[in-house]
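Please read this briefing alongside the structure shown below.

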Amino acid sequence: MTEPTTPSGDNPYVERAYRLGSPDDARALYDEWASEYDADLAGESQGYVAPVLAAETVVRVAGPDVTVLDAGCGTGLVGAALAERGVRVIDGMDVSEGMLEQARATGAYRSLEPVDLTQALPTDADVYDVVVCVGTLTHGHVGPAVLAEFARVTRPEGWIVATVLDDVWESGGYRAEVDRLVDAGTVAFVSAELAPYRSGVGVEARMLVLTAR
């Protein structure tokens with residue numbers, strides 16, 4: 001496995017997160033980290049701006065009157081940012097029960113469910129207007145195959161908004177998977193602009209925007 005070079009900001013949890021080997025490893029790490037996660041990432045030293053930027057992107061492209069799946073919702077940073085912008089129907093999924101417990105405390109979610117995103121989603125097709133995924137398409141987490149699942153559960157002409165850490169956009173196969181889904185007529189490509197992710201340490205991600213077919 002290639003060692004990740006993305007700056008951790010000297011946070012030991014971030015360093016461990018980039019070296020996860022399995023969903024069980026992810027569950028254990030995030031259960032342990034859950035109570036400190038927001039405090040660790042929200043300050044200037046990390047500057048984790050991606051949840052707010054993704055929420056702003058969702059509302060810009062789809063408006064607030066949408067049904068949203070927050071895939072890999074973590075502590076609910078994205079859900080809270082969406083709720084602040086007028087989105088009222090948000091479901092969350094995450095591998096970690098500890099993170100889901102924190103997300104429940106936000107009051108932003110209609111439902112929260114423990115789900116391993118490396119497997120097929122336990123959701124019918126064409127359910128959501130928007131699937132948003134922030135912080136999960138990165139080193140050691142969920143691979144590009146999940147994009148097809150996001151497209152499956154999104155209604156035709158609905159939206160997929162996801163951050164993909166720039167370090168893995170090409171090397172991790174995400175760009176190739178987007179191209180494959182476009183060629184198959186599963187999605188239409190809208191944009192994948194570089195955006196701040198953890199701005200305190202200069203880390204950027206692609207803000208991937210697709211529409212489902």
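The largest pocket of this predicted model has a volume of about 520 Å³. Among its 36 lining residues, those closest to the centre are Y30, Y37, G135, T136 and H141. A pocket is an open set of points on a 1 Å grid where a 1.4 Å probe fits, with protein on both sides within 12 Å along at least five of seven lines; lining residues have an atom within 4 Å of a point.

**Pocket lining**
- Helix 2 (23-42) is among the elements that supply at least two lining residues, and its six residues form the largest share.
- The lining comprises 21 nonpolar, 11 polar and four charged residues, with Gly counted as polar and Tyr as nonpolar.

**Annotated domain**
- An unreviewed UniProt entry annotates residues 68-158 as "domain: Methyltransferase"; such annotations may be inferred rather than shown by experiment.
- This span is 26% helix and 32% strand, and its end C-alpha atoms lie 10 Å apart. Helices (H or I, at least four residues) and strands (E, at least two) are DSSP runs.

**Helix pair**
- Helix 3 (residues 50-62) packs against helix 4 at about 45 degrees, with axes 8 Å apart.

**Basis**
- Residues are numbered from 1 along each chain.
- Local features need pLDDT of at least 70, while totals for linings use all residues.

Methods:
Predicted model: local features only at pLDDT ≥ 70, side-chain atom pairs only at ≥ 80, totals over all residues. Heavy atoms only, no water. Points joined across faces, edges and corners; volume = space filled by probe spheres on them. Axes fitted to C-alpha atoms, helices over the stretch in contact; angles between N-to-C directions.
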